[in-house]
Amino acid sequence: MSVGYSHYLKDGRGAHIKYYTSKDDDFNVDEVYATFNNKNTLRGFHGSKNQRKKIKVLNGAVRLILIDFNENTLKVFERLDNESEPVFVDINCFVGYLSLEDDTVVSYVVNGNFNPDNELTYNPLSVPDLWNYDDFNIEKDKYNISEKDSQAVHCPEIEEMKISFQ
């Protein structure tokens, strides 16, 4: 399965990105949606028992963390922006991200239909030190985080996972 760009064109007007093509025949698109985020917005960790996703930053930048229970790894994408490759999120994986800029737009191309009974959430503050890097240190009480995410359970398995930086 290809998760990379199918087409990327940038000129003086801006950019045109095609990041999904039907040539990815084992990934049928059922839903497409986007989130619009202010700086310091912390989302996640969200996973699904029946959805696979391709996540692409269209504007702004994020720090994205992928909890992969299939490989027992924690992948930290230090900075994703509109020129970054899309990130594939498989079933039994959880994803969360921190918006590094105002007006950050993240797009999701989803295989499988949303069903709240199949959705799983871990508290994104299960990995507080991994959200901060270099000059972007903010206190955890300064994150813009939903009540649902802040009250979700912590993920104890994270402490046993191998961490890789992308």
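This report covers the overall fold of a predicted model, then strand 9 and residue N111.

## Overall fold

The protein chain has 166 residues, and 46% of them are buried. Its secondary structure consists of two helices and 13 strands.

Consider contacts with a separation of 6 or more: 80% of them link residues 24 or more positions apart. The accessible surface of the chain is about 8,900 Å². Carbon and sulfur atoms contribute 45% of that surface.

## Strand 9

Strand 9 covers residues 93–99. Seven of its seven residues are buried, so the strand is largely enclosed by the rest of the structure. In a regular strand, side chains alternate between the two faces of the sheet. Here C93, V95, Y97 and S99 point one way. F94, G96 and L98 point the other way. All of these residues are buried.

Two partners of strand 9 can be described. Strand 4 (residues 41–48) runs antiparallel to strand 9 and is joined to it by four bridges. In this pairing, R43 stands opposite Y97. Strand 6 (residues 61–68) also runs antiparallel to strand 9, with seven bridges between them. There, D68 stands opposite C93.

## Residue N111

N111 lies in strand 10, which spans residues 104–111. Its relative accessible area is 16%. The cut-off for buried is under 20%, so N111 counts as buried.

The N111 side chain reaches the backbone oxygen of N28 at 2.7 Å. Beyond its neighbours within four places in sequence, N111 is in contact with F27, N28 and D30, and also with N50, Q51 and R52.

Terms used: Residues are numbered from 1 along each chain as its sequence is written. This is a predicted model: local features need pLDDT of at least 70, side-chain atom pairs count only at pLDDT 80 or more; totals for chains, interfaces and linings use all residues. Side-chain values use heavy atoms; hydrogens and water are left out. Buried means under 20% relative accessible area, exposed over 50%, partly exposed in between (1.4 Å probe, protein chains only). Contact means heavy atoms within 4.5 Å. Accessible areas come from the Shrake-Rupley method with a 1.4 Å probe; for residues, only the protein chains shown count as cover. A polar contact is a pair of N or O atoms within 3.5 Å; within protein, one must be able to donate a hydrogen and the other to accept it, and residues adjacent in sequence count only if both atoms are side-chain atoms. Two strands pair if DSSP finds at least two bridges between them.
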